[in-house]
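Reader: I have a model open and want to read how its pieces pack. Where do I start?

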Amino acid sequence: MTPDLMDAGTERVGHLLQQQAASAATESGGRTASTARHVLPGEVDVTHGRILYLEDVHVSFDGFTAINGLNLDIAPGELRCIIGPNGAGKTTMMDIITGKTRPDRGSVYFGSTIDLLRYSEPEIAAMGIGRKFQKPTVFEQLSVFENLELALKTHKGVARSMNFRLDGEQRDRIAEVLHTIHQTGFVTRQAGLLSHGQKQWLEIGMLLVQEPRLLLLDEPVAGMTDEETARTAELFLSLKGRHSLMVVEHDMSFIGAISEKVTVLCDGAVLAEGTLAQVQADERVIEVYLGR
């Protein structure tokens, strides 16, 4: 593996290998304490109308309160936008949902029955929660197709991946995702030669091939051109309903193009919630975030 590939994909490689190891343990009959509870991808109880639920969540780091009594819930198929000043707790909230950070107290549920605080990061990802960080992390020396193919392999054990071959259904899935992320004309292009926006879309595609129920997207249009931002808005709107999306972003024009409901975080808690127009008119939001 070359240095460029290692730099571009180190974090994702570790994450993918963790997921592969968890899958391998399951296939061989082994179970960790959490996988023994038989929670499988797609088994998310949303009969109560919520796919994600956080209640009275608190997190402190060395005396600093990052999350302070956070309450938040998201409906199945909803596209929720999260805004707020730097240090409001947006990234920490995503870290808690994905298992990277454990709260001091509080409840975090995926659907009505899955207590996310009992699971590891790779197990949470395998359940159907995908996360995209701000900086695109793709395998730059592989082609667009190979990146998507590699993402599919997260469902296989390490040994089986060595001899993995796509079946027709998997090829169809990749073709569908290529169309969704506007990359059908770039199948054989090396990922490192893509524009910044195209790399962002490719990483979203790498999540989509795993068929997540919930997508967490951190500042997805940062650094994009106006055209790329507009196409990303179209992409997210096309995903709404099929997936639930939580989008953290500072670009108010982008938020305006995609949002129905906006949550404003400040000091680790919800400050305001409503339509973009409603939160923009809120004096508290103006004071701490939007300015006059």
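Author: Start with strand pairing. Two strands pair if DSSP finds at least two bridges between them. Keep in mind that this model is predicted.

Reader: How many bridges join β7 to strand β8?

Author: Five bridges join β7 to β8 (residues 244-248), and the two strands run parallel. Across that pairing, Leu 217 stands opposite Val 247 in β8.

Reader: Which residue in β7 is the bridge partner of Lys 132?

Author: Leu 217 in β7 is the bridge partner of Lys 132. Strand β6 (residues 129-132) is joined to β7 by four bridges, again in parallel.

Reader: Are the residues of β7 buried or exposed?

Author: Buried means under 20% relative accessible area. Five of the five residues of β7 (residues 214-218) are buried, so the strand is largely enclosed by the rest of the structure. Leu 214, Leu 216 and Asp 218 point one way. Leu 215 and Leu 217 point the other way. All are buried.

Reader: Now helices. How are two packed helices described?

Author: By the angle between their axes and the distance between the axes. Here, take α4 (residues 144-152) and α7 (residues 196-208). Their axes come within 8 Å and cross at roughly 30 degrees. That makes α4 roughly parallel to α7. The crossing is right-handed.

Reader: Which residues in α4 and α7 meet?

Author: From α4, Val 144, Asn 147, Leu 148 and Ala 151. From α7, Leu 202, Gly 205 and Met 206. By class, this contact has five nonpolar, two polar and no charged residues.

Terms used. Residues numbered from 1 in each chain as written. Predicted model: local features only at pLDDT ≥ 70, side-chain atom pairs only at ≥ 80, totals over all residues. Heavy atoms only, no water. Axes fitted to C-alpha atoms, helices over the stretch in contact; angles between N-to-C directions. Parallel < 35°, antiparallel > 145°, perpendicular 65-115°, else oblique. Left-handed = near helix turned anticlockwise from the far one by under 90°. Contact = heavy atoms within 4.5 Å. Nonpolar A, V, L, I, M, F, W, Y, C, P; charged D, E, K, R; others polar. Buried < 20%, exposed > 50% of the residue type's maximum accessible area, 1.4 Å probe, protein only.
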